[in-house]
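I opened the model to see how its parts pack together. My notes follow in the order I looked things up.

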Amino acid sequence: MLQKYDTLKSISLLAFAAAGGLAFAPAAMSESACQASNGYDQPLSAYVAEASACIESSDTLNADLSDQIIELMNTDRIGVGLMPLQRRASLDLAAAAHALDMAARDYASHQDKEGRDHLYRMRAFDRTVLFGDTGANVLITEAGSDANAIYVSMLQDQQNGLNLVHDGFSDVGLAVVQAEGRTYTVQVFATVEGELNNALPLTLARTAPIRATLADPRHEAIGWGLTDQVSGELLARGGVPRLRAMRLGDADTAALDIVVTARTNTLVLKGPLVSAR
């Protein structure tokens with residue numbers, strides 16, 4: 001049976017400090033105000049801080065509806081012989097940040113108006129996960145929609161329906177926002193292929209270890225790459241499991257990828273985003 005989601009776990013993951021993956025100190029959090037109508041700040045650390053402040057202060061997020069939709073989905077998955085998806089707090093945060101932004105600025109899209117997509121948000125909020133496949137559902141329904149109505153609307157959309165019963169996903173996050181006479185639902189899916197042993201800080205001051213534990217013991221990490229999120233330029237790559245701040249150059253936001261051998265194949269797993277400033 002699906003256990004009720006522990007919202008305190010989400011609050012504890014609202015943000016990570018610039019070093020060691022520790023939660024922001026209260027003084028730092030107080031400096032981050034939610035300016036919802038203007039969109040979130042652009043720099044990575046400022047984005048996470050402001051989005052976290054919006055989530056923490058929101059009175060429009062409906063946790064009960066989110067729980068009920070997840071239970072409906074997992075009941076259906078079990079009914080067709082699939083594994084239920086695990087609720088991941090950081091994915092809830094990624095979904096909530098986008099749902100709140102859509103409600104505040106009155107739009108519907110998988111990207112925000114600054115061009116940040118679901119994968120950006122997932123990699124920004126989760127500081128350890130290594131993703132394989134990812135997916136997302138975005139839905140706007142009438143005010144007062146209950147969990148059944150929202151879930152049925154998802155099933156009726158071909159791509160949304162496929163995501164709900166995709167057998168490769170392992171983890172899920174979901175947020176429901178009720179505001180301005182509408183219900184905004186964002187659901188994100190992921191296949192978690194591994195975890196970094198140490199949380200990667202949002203802002204890298206010196207060096208950080210990037211050793212990983214992979215979900216499949218037959219897989220082996222053989223290297224890493226670092227890509228500028230704006231230009232797509234490969235900033236650095238290596239085999240030593242340690243990342244130096246100097247490798248980021250002037251990039252505001254870079255994406256860490258871990259290269260893995262899987263039998264005769266090579267996989268590139270998507271890790272956290274990181275900034276040099």
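I count two residues as in contact when heavy atoms lie within 4.5 Å. The model is predicted, and I read everything below with that in mind.

**Entry 1: overall make-up**

I began with the secondary structure. I find eight helices and 11 strands in the protein. The protein has 277 residues, and 50% of them are buried. The exposed surface comes to about 13000 Å². Carbon and sulfur atoms supply 50% of that surface.

**Entry 2: helix 3 and helix 6**

Helix 3 covers residues 44-57 and helix 6 covers residues 118-125. Their axes come within 11 Å and cross at roughly 90 degrees. Angles of 65 to 115 degrees count as roughly perpendicular, so helix 3 is roughly perpendicular to helix 6.

Which residues in helix 3 and helix 6 meet? From helix 3 I list Leu44, Tyr47, Val48, Ala51, Ser52 and Ile55. From helix 6 I list Tyr120, Arg121, Ala124 and Phe125. By type, the residues of this contact divide into eight nonpolar, one polar and one charged.

**Entry 3: the cores**

I moved on to the largest nonpolar core, which has 37 residues. Which of its residues touch the most other members? They are Tyr47 and Phe125. Helix 3, helix 5 (89-105) and helix 6 each supply at least two residues. So do strand 2 (129-142), strand 3 (171-179) and strand 4 (182-196). Helix 5 gives the most, with 10 residues.

I also noted a second, separate core of 19 residues. Among its members are Leu204, Leu226, Ala245 and Leu248.

I picked out two single residues. Aspartate 167 is in the loop between helix 8 (158-164) and strand 3. Is aspartate 167 buried or exposed? Exposed means over 50% relative accessible area, and aspartate 167 counts as exposed because its relative accessibility is 61%. Leaving aside neighbours within four places in sequence, I find aspartate 167 in contact with Arg77 and Leu82. I also took a C-alpha to C-alpha distance from aspartate 167 to leucine 85. The two are 82 residues apart in sequence and 9.6 Å apart in space.

Alanine 208 sits in strand 5 (residues 207-209). At 4% relative accessibility, alanine 208 counts as buried. With neighbours within four places again left aside, alanine 208 is in contact with Leu200, Pro201, Arg242 and Leu243. The C-alpha atoms of alanine 208 and leucine 243 are separated by 5.2 Å. Along the chain these two are 35 residues apart.

**Entry 4: positive phi**

Last, I looked at backbone angles. Most residues other than glycine have a negative phi. I noted two residues with a positive value.

Glutamate 180 has a phi near 50 degrees. I place glutamate 180 in the loop between strand 3 and strand 4. Glutamate 180 is exposed, with a relative accessible area of 70%.

Arginine 263 is not a glycine either, and its phi is about 60 degrees. Where is arginine 263 found? I find arginine 263 in the loop between strand 10 (254-262) and strand 11 (265-274). Arginine 263 counts as exposed at 66% relative accessibility.

Technical notes. Residues are numbered from 1 along each chain as its sequence is written. This is a predicted model: local features need pLDDT of at least 70, side-chain atom pairs count only at pLDDT 80 or more; totals for chains, interfaces and linings use all residues. Side-chain values use heavy atoms; hydrogens and water are left out. Helices (H or I, at least four residues) and strands (E, at least two) are DSSP runs, numbered from the N terminus. Buried means under 20% relative accessible area, exposed over 50%, partly exposed in between (1.4 Å probe, protein chains only). Accessible areas come from the Shrake-Rupley method with a 1.4 Å probe; for residues, only the protein chains shown count as cover. Axes are lines fitted to C-alpha atoms, for helices over the stretch in contact, and angles run from 0 to 180 degrees between N-to-C directions. Angles under 35 degrees count as roughly parallel, over 145 as roughly antiparallel, 65 to 115 as roughly perpendicular and the rest as oblique. Ala, Val, Leu, Ile, Met, Phe, Trp, Tyr, Cys and Pro count as nonpolar, Asp, Glu, Lys and Arg as charged, and the others, Gly among them, as polar. A nonpolar core is a set of buried Ala, Val, Leu, Ile, Met, Phe, Trp, Tyr and Cys residues joined through side-chain atoms within 4.5 Å.
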